Amino acid sequence: MSAHSFKATDEENARANEVMGRTLVQLGLPYFKCTGKYGGVTEESFIVLRCNLPKALWLARNFNQESVLTPIGLLQPNGICYPTTGGVNIYEEEPEDGFT
């Protein structure tokens, strides 16, 4: 999960991620900071634990995300969820795109 926006400056994205981090703490959601890549852009991201679907949907909408990855699938702000395989891939080299 990230607060990154393709339309924002680096400074705006850094501030948005700070706000997301504080929001996750306020919601009582533990997280790990990590690096992700989406749409060809490397971005600061969060792996959020114990985040239920309503909270994930709220976060996606409030941080203007195209989607957030949940345990059951890729959740879009409109509520549509595309199921995932449930598998985890561990790469020795960084993939080209679409990873956290």
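Is F46 buried or exposed, and at what relative accessibility? At 2% relative accessibility, F46 counts as buried, where buried means under 20% relative accessible area, exposed over 50% and partly exposed in between, computed with a 1.4 Å probe on protein chains only. Let us keep that residue in mind and walk through the rest of the chain.

A few ground rules come before the tour. This is a predicted model, in which local features need a pLDDT of at least 70 and side-chain atom pairs count only at pLDDT 80 or more, while totals for chains, interfaces and linings use all residues. Residues are numbered from 1 along each chain as its sequence is written, and side-chain values use heavy atoms, with hydrogens and water left out. The pLDDT is the predictor's confidence in each residue, from 0 to 100. The protein chain averages 91, and 99% of the residues score at least 70. Among its elements, α1 has the highest mean pLDDT (97) and β3 the lowest (89). Helices (H or I, at least four residues) and strands (E, at least two) are DSSP runs, numbered from the N terminus.

Which residues of α1 are buried? They are N13, N17, M20, G21, T23 and L24. These residues cover an arc of only 165° around the axis, which puts them on the same side of α1; the arc is that of the directions from the helix axis to the C-beta atoms. After α1 comes G28, whose phi is positive, near 75°.

The structure holds two aromatic pairs. Rings of Phe, Tyr and Trp (its six-membered ring) pair if their centres lie within 6.5 Å; planes under 30 degrees apart count as stacked, over 60 as edge-to-face and the rest as tilted. F6 and Y38 form a stacked pair, 6.3 Å centre to centre with 20° between the planes. That pair links distant parts of the chain, with F6 in the segment before α1 and Y38 in strand β1, 32 residues apart. F6 is partly exposed at 46% relative accessibility, and Y38 is partly exposed with a relative accessible area of 33%. Y31 and F46 form an edge-to-face pair, 5.1 Å centre to centre with 80° between the planes. Here Y31 sits in strand β1 and F46 in strand β2, 15 residues apart. Y31 is partly exposed, at 26%, whereas F46 is buried.

What else joins these strands? A search of the whole structure finds one salt bridge, that is, a side-chain nitrogen of Lys or Arg within 4 Å of a carboxyl oxygen of Asp or Glu. E44 forms it with K33, the closest N and O atoms being 3.8 Å apart. E44 belongs to strand β2 and K33 to strand β1, eleven residues apart. With a relative accessible area of 36%, E44 is partly exposed, while K33, at 59%, is exposed. C34, also found in strand β1, counts as buried at 18% relative accessibility. Leaving out residues up to four places away in sequence, C34 touches E43, E44, S45, F46, I47 and T100.

The loops complete the tour. R50 lies in the loop between β2 and α2 and has a positive phi of about 55° although it is not a glycine. N64, in the loop between α2 and β3, likewise has a positive phi, of about 50°, without being a glycine. R50 is exposed at 69%, and N64 is exposed at 64%. S67 lies in the loop between α2 and β3 (68–70), but at 16% relative accessibility it counts as buried. Its contacts, not counting residues up to four places away in sequence, are Y38, L74, L75, Q76 and P77.

Notes: Contact = heavy atoms within 4.5 Å.
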